[in-house]
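Please look over the structure shown here with its nonpolar cores and its charged side-chain pairs in mind. The briefing takes these two topics in turn.

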Amino acid sequence: MSYAISPPILPMLAKAASHIPSGDGWLYEPKWDGFRAIVFRDEDALYIGSRNAKPLLRYFPELESAMKRALPQQAVVDGEIVIAGPHGLDFDALQLRIHPAASRVKMLSETQPSMFVAFDLLALNQDLRTEPLDERRRLLEESFVDADDTFVTPQTSDIELASTWFDRYEGAGLDGIVAKRHDLRYRSGDRAMVKVKHLRTVDCVVGGYRISKSNDGISSLLLGLYRDGSLHYVGHTSSFKTADRRSLLGELRKLEDGKPSFGTGRSPGGASRWTGSDDKEWVTISPVLVCEVAFDHMQGDRFRHGSTFVRWRADKQPDECTWEQLELPNLFDLNEIRRSR
């Protein structure tokens, strides 16, 4: 094998920003919610590397034939592996693929196949990483063969259109916009691009807490939302100063009543298939406190990452904190997104 660039390599990354950058020379793309992947092809040889330069092909076997149809005989392309469900991109389905049993991976690849979204060309018979982005993009569009399971992401220089994508496609599971300079060279491992992600707030009920390792303050608040009459755990927030952690512990201890706060569905403290063990022990409290938190993305029925505490909501009743706050218009139309290109 003689790949034009030898795997593995680290992908070029993006730094976070609060607003979409404007001005001459910026190019904008939707931010896909999937697994970052760099695909290397040399005739019949194919290698897919993850964001951390780990091999991915065994978890997505259906992509081998797809990428051989899409790519020229010798090429390296950067992109995202995604799985589309009926209501948008399904990150949970992607995570299920990281499984040690080849038989299970094969079954999932057949029942819910993945797709590859290309957004940069690193090599085409020769290394292109020193070429400017707009030239790499031109070559990508000319050489990449779109199909149902492989396509090139939309791109625009129009910030108004990019802003429309940012708002419209949130309900489809796309989680923001990536902005790149038109003359950007490919810089592996560097945060040379800009990402603007959705940041939303929601009012949650505090159903419990975890105590700090020093036992003199809280570690995090455990949050829930009501659905069908039960309080469902959605995640945690831990963004407190040391003094606040200590004072909160005293206040929360007054609300301990020994009764379960979270109802049916996902609860804190359950076994995690990612860690192989239970989460840290937590203390239940009477669900009477409401706080507003900021989060960037939902993963199924929970926050993808820890949320950020915004403020207490003494003016709001716990039963007003329902799942309806999280509902977005179902605007998922993958073909529409692809046509945006």
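This is a predicted model: local features need pLDDT of at least 70, side-chain atom pairs count only at pLDDT 80 or more; totals for chains, interfaces and linings use all residues.

Residues are numbered from 1 along each chain as its sequence is written, and side-chain values use heavy atoms, with hydrogens and water left out.

**Nonpolar cores**

- A nonpolar core is taken here as a set of buried Ala, Val, Leu, Ile, Met, Phe, Trp, Tyr and Cys residues joined through side-chain atoms within 4.5 Å, where buried means under 20% relative accessible area, exposed over 50%, and partly exposed in between (1.4 Å probe, protein chains only).
- The largest nonpolar core has 31 residues, and those with the most contacts inside it are Met67, Val77, Ile81, Phe116 and Phe144.
- At least two residues of this core come from each of β3 (35-42), β4 (45-50), α1 (63-70), β5 (74-82), α2 (91-96), β8 (115-124) and α4 (133-143), with helices (H or I, at least four residues) and strands (E, at least two) being DSSP runs numbered from the N terminus.
- Apart from this core lies another, of 29 residues, among them Ile218, Phe240, Leu252 and Cys291.
- Once its neighbours within four places in sequence are left aside, valine 77 is in contact (heavy atoms within 4.5 Å) with residues including Met67, Leu71, Phe116 and Leu140.

**Salt bridges**

- The structure holds 25 salt bridges, each defined as a side-chain nitrogen of Lys or Arg within 4 Å of a carboxyl oxygen of Asp or Glu.
- Lysine 180 and glutamate 29 meet through their side chains in a salt bridge (3.1 Å, N to O), which links strand β10 (residues 176-181), holding lysine 180, to strand β2 (residues 26-30), holding glutamate 29, across 151 residues.
- Lysine 180 is buried, with a relative accessible area of 2%, and glutamate 29 is buried with a relative accessible area of 2%.
- Lysine 31 forms a salt bridge with aspartate 175, the closest N and O atoms being 3.5 Å apart; lysine 31 counts as buried at 16% relative accessibility, and aspartate 175 counts as buried at 3%.
- Glutamate 292 pairs with arginine 311 in a salt bridge whose closest N and O atoms are 2.5 Å apart; glutamate 292 is buried, with a relative accessible area of 10%, whereas arginine 311 counts as partly exposed at 41%.
- Salt bridges that share partners join Asp203, Arg313, Asp315 and Lys316 into one network.
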